[in-house]
Amino acid sequence: MDNKTKRSGRAVYVPGNDIDTDRIIPARFLKCVTFDELGPSLFYDERFDVKGESKGHPLDQATHVGASILISDANFGCGSSREHAPQAIQKFGFDVVIAESFAEIFHGNCTTLGIPCLQMAKAPRAELAALVQKVPEEPLLIDLESMQIMFLNQSFAFSMKPSTREAFLAGTFDPLDELLAQRDAVAAVDARLSV
Amino acid sequence: MVGQLENGQYQVFMALHLIHEVTSPQAFGMLKDKGLKVAYPTRTFATVDHIIPTDSQARPLADDMAERMLQVLEQSTAEHGIEFFAPETGSQGIVHVVGPELGLTQPGMTICCGDSHTATHGAFGCIALGIGTSQVRDVLASQTLAMDPLKVRKINIQGALKKGVTAKDVILHVIRVLGVNGGVGFAYEYSGDTISRMTMEERMTVCNMSIEGGARCGYINPDEITYEYLRGRERVPSGEAFETARARWSSFASDDDATYDDVVDFDASQIEPTVTWGVTPAQAIGVGERIPTAETHTDEELLISALNYMKLEANAPIKGTAIQVAFIGSCTNGRLSDFEAVAEVLRGHHVARGVRAIAVPGSEKVDAEARARGLHEIFEAAGFEWRKPGCSMCLAMNPDKLVGDEVCASSSNRNFMGRQGSSTGRTILMSPIMVAAAAVEGAVADAREVFGLEG
């Protein structure tokens, strides 16, 4: 499968509007000098009570273990610019997030890490989430080129920010090489501003 | 602007890059992995704020991981030739307090920092963006960012604020009306005579919370108040060079006939001292109002989950809600004028029994100036602890945390679940003088009544 434009995997639905970055990964887990160990802290306070006992969060339900597509509601990822949030999502094993809408900095951070953020209107997204809950063992097939999700022989349309989609299709979602290629032009701007 | 990328985004030069210990150590690791150097080290400045304890800052820090994060920052900045405002240098503090007070933040700059409250610097007529760690890497390596163009919404605020109503109430009110995602896709430009009359520190409070409204950044046109604030600051040119800079700065203001993608008008005289009742900054009401009900709140699920978390009742008055902790500080309200405003009303009052109250200056400079004016003594006499500078209880990456389901009257910027360090801790956002009033009463109170500010 061409991993630039296609993704597939099982999904899990984490309901809620305005899920903020402190809920995605509470601040006390941000103490780190690398992102490697963040996976287990994903949604920690939503998943575990104060004694560390599981609250039965969707992420911990047996039917969703191993899911690689995260579905949520509106304004997902609002709050902090901390990349720890998408890093935790990625390290936990997700490589796609689907929501009604995304907070911007979070969206940008996900893109740079190679996690496409797919936007779906409320009604079809709710329908997809309900179907996933009913048949969690079935994988979704996602095509970034046609912007369609296939699930249980049903097709769902999504949208993406045009520049993000372009970057995924071209494989340039991490812009660093492109930015570095303009060294001389950057030096000229620096010189102009340093006067 | 450097040019356009293949996917249509723009490559934008960053005149100033600020870094701190939470979101930047990993970026230096990324540079190392790719064998890259910092391209323009003199355009990056570092401070330590999130993890630094506000009681004892003696090294090594008691928390091993905090110590390690600080060490990585020290080593990385030394290795790459980046200036680091370390504790005890007189310049350390919260990154968004330090940049402006040193005069690093200047009109017309593009500024970025791995921190969403970078929006603060927009108060100077800057485009100031919060970025992720991979973007911190991009800026260290190239001094540029890949960006999409932003739409601009003009937030026009006219009229006189009532006595006891502050810049914090203005921005809480704006977010209450426009919502936490109302600003997605937009930069917020604040204008109108209410904003023009504000001091720079008040403008910073307003711009600081733009991100809480979902906006990518906040912006206010530079004017005489901006230039006078900058005059004489450590990193600002002086003498003739200042006049040259000032002439250049004034050319950056948006024109009177600029067009906007959206305009929203607010009447400042209608704004009340505003407090949050829920778990997002938009879940806010005037202090005299009642908590919403299913009929008055747009999203019933959000209402129910917020009230369950906060252990509050729909339709109950917010005034009188008991608090156990009071926090004055943060990049929103940790500047000298915030402590001055509170000191002015706090004299002769005392923190209620059972309330833990802390005042945390936003920087070593704020601390020194407050001490020079004797403000710390007024706070201490009233039963506040006067701490060392840092982010403190805004986000609990340091020892200042709520315990269990304590309720905190807080001058910070986020009332998210678990934000202040306890997974059941509860935050009520408000202005510094409202925090002081709550501390004195032991419950959410109207500062105008507690301190006799009416008329």
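**Chains A and B**

Modeller: Chain A has 8 helices and 8 strands (DSSP runs of H or I with at least four residues, and of E with at least two, numbered from the N terminus). This is a predicted model, in which local features need pLDDT of at least 70, side-chain atom pairs count only at pLDDT 80 or more, and totals for chains, interfaces and linings use all residues. Residues are numbered from 1 along each chain as its sequence is written, with chains lettered from A and ligands numbered from 1 in the order in which they are written.

Biologist: How compact is chain A?
Modeller: Its radius of gyration is 18 Å, close to the 16 Å given by the globule rule for 195 residues, so chain A is as compact as a globular protein of that length (C-alpha atoms; the rule is 2.2 Å times the number of residues to the power 0.38).

Biologist: Which strands form the open sheet in chain B?
Modeller: There are 5, in the order S17-S16-S15-S18-S19, with parallel pairing (two strands pair if DSSP finds at least two bridges between them). Strands S17 (385–386) and S19 (426–429) of chain B are the edges, each pairing on one side only.

Biologist: And how many bridges join S18(B) and S19(B)?
Modeller: Strand S18 (residues 407–410) of chain B pairs with S19(B) over 4 bridges, in the parallel sense. B:Ala409 has B:Ile428 in S19(B) as its bridge partner.

Biologist: Changing topic, how many residues does each chain give to the contact?
Modeller: Chain B gives 58 residues and chain A 48 (C-beta atoms, placed from the backbone, within 7 Å). On the side of chain B that touches chain A, H4(B) gives the most, with 7 residues.

Definitions and conventions
Contact = placed C-beta atoms within 7 Å.
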